[in-house]
Amino acid sequence: MRKPLMAGNWKMNKTIPEAISVVKALKSAVADVTDVEILICPTFTALYAVSNEVKDSNINIGAQSLFWETKGAFTGEVSPVMVKDTGCSYVIIGHSERRQYFGETDEIINKKMKAAITIGLTPIVCIGETLKERECNITFKVIEKQTRGGLTGLTLEQAALVVIAYEPVWAIGTGKTATPDQAQEVHAFVRKIYAEMYKDAAEKIRILYGGSVNSGNVSELMKKPDIDGGLVGGASLEVESFAKLVKYSKQQL
Ligand code: PEP
């Protein structure tokens, strides 16, 4: 049984006081949730303060990226041990914005993912096609390349720890969501590729959907058998919308 994961990616938003005020309110808004794992990914600067604030709550904290080396002359980078040190248990890797604006390739993503696992952080590895790729009917080719390239070289034990986020680039921050059927089709395909790579681990891993998820579309997406949660940008920035989203199963009652 895979426990659903709802992850908020705050991107480059919120100062430390702003972040603290949101998590304080979120803590009480979701205090009764036990059926969904909750994760917030603030900016690096707010990680330590936010993770102290959510100690002893049901909210987990993750970073939005990391570097693969442990320490040294890598100006501006943050190492896996430093991320862990702030109290994080997760890290997002290879978000499409990192691929697009910072040149992250599947090879870089693979290095970062291995470094995260080695230090004991759970990586959420992002994959997804652009609009042009979907229109050229190469979605599955792109998804297979990113899955095999970014997630290669793990032991079966390590492979079972990974989280994958399918985020069609055309759906991120655009208000356009993949339909539940479109998303399910890709999620099932990712699980099939992962099973070819890592056998039974494929049934254990959670595959999140990301791309304009909100409290209005989340329950339909979550009904699909291979959608195990969401990676949420815009709708995670406000307490009310994210709490509603986390409580999606209550909406169905
Ligand atoms: C994201 O940040 O990964 C994302 C999916 O953003 P949004 O929910 O705003 O589309």
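Start by selecting Q64, which sits in the loop between β3 (59–63) and α3 (80–85); helices (H or I, at least four residues) and strands (E, at least two) are DSSP runs, numbered from the N terminus. The model is predicted, so local features need pLDDT of at least 70 and side-chain atom pairs count only at pLDDT 80 or more, while totals for chains, interfaces and linings use all residues. Residues are numbered from 1 along each chain as its sequence is written, and side-chain values use heavy atoms, with hydrogens and water left out.

**Around Q64**

Show the side chain of Q64 and find the backbone oxygen of K11, which it reaches at 2.9 Å. The Q64 side chain also reaches the backbone oxygen of C41, at 3.0 Å. Leaving aside residues up to four places away in sequence, Q64 touches N9, W10, K11, M12, C41, P42, T43 and I92, where contact means heavy atoms within 4.5 Å.

Move to K11, in the loop between β1 (5–9) and α1 (16–29). Its phi is near 50°, a positive value in a residue other than glycine. Most residues other than glycine have a negative phi. K199 is another stop with a positive phi, near 45°; look for K199 in the loop between α9 (180–198) and α10 (201–204).

**The ligand**

Zoom in on the ligand's oxygen atoms. A polar backbone atom of S212 is 2.8 Å from a ligand oxygen, and a backbone N or O atom of G233 also lies 2.8 Å from one. For G234, the distance from a polar backbone atom to a ligand oxygen is 2.9 Å. On its own the ligand has 300 Å² of accessible area, and the protein covers 95% of that (Shrake-Rupley method, 1.4 Å probe).

Display the largest pocket, with a volume of about 510 Å³. A pocket is found on a 1 Å grid over the protein atoms alone: an open set of points where a 1.4 Å probe fits, with protein on both sides within 12 Å along at least five of seven lines; lining residues have an atom within 4 Å of a point. The volume is the space filled by probe spheres set on the points, which are joined across faces, edges and corners.

Of its 20 lining residues, K11, M12, Q64, R98 and F102 lie nearest the centre. Colour α2 (44–53) and α4 (96–102), which each supply at least two lining residues; α4 gives the largest share, four.

Finish at the second largest pocket, about 180 Å³. Its lining includes S96, R99, D106, E133 and K145, and α4 and α7 (139–150) each give two or more residues to it.

Conventions
A polar contact is a pair of N or O atoms within 3.5 Å; within protein, one must be able to donate a hydrogen and the other to accept it, and residues adjacent in sequence count only if both atoms are side-chain atoms.
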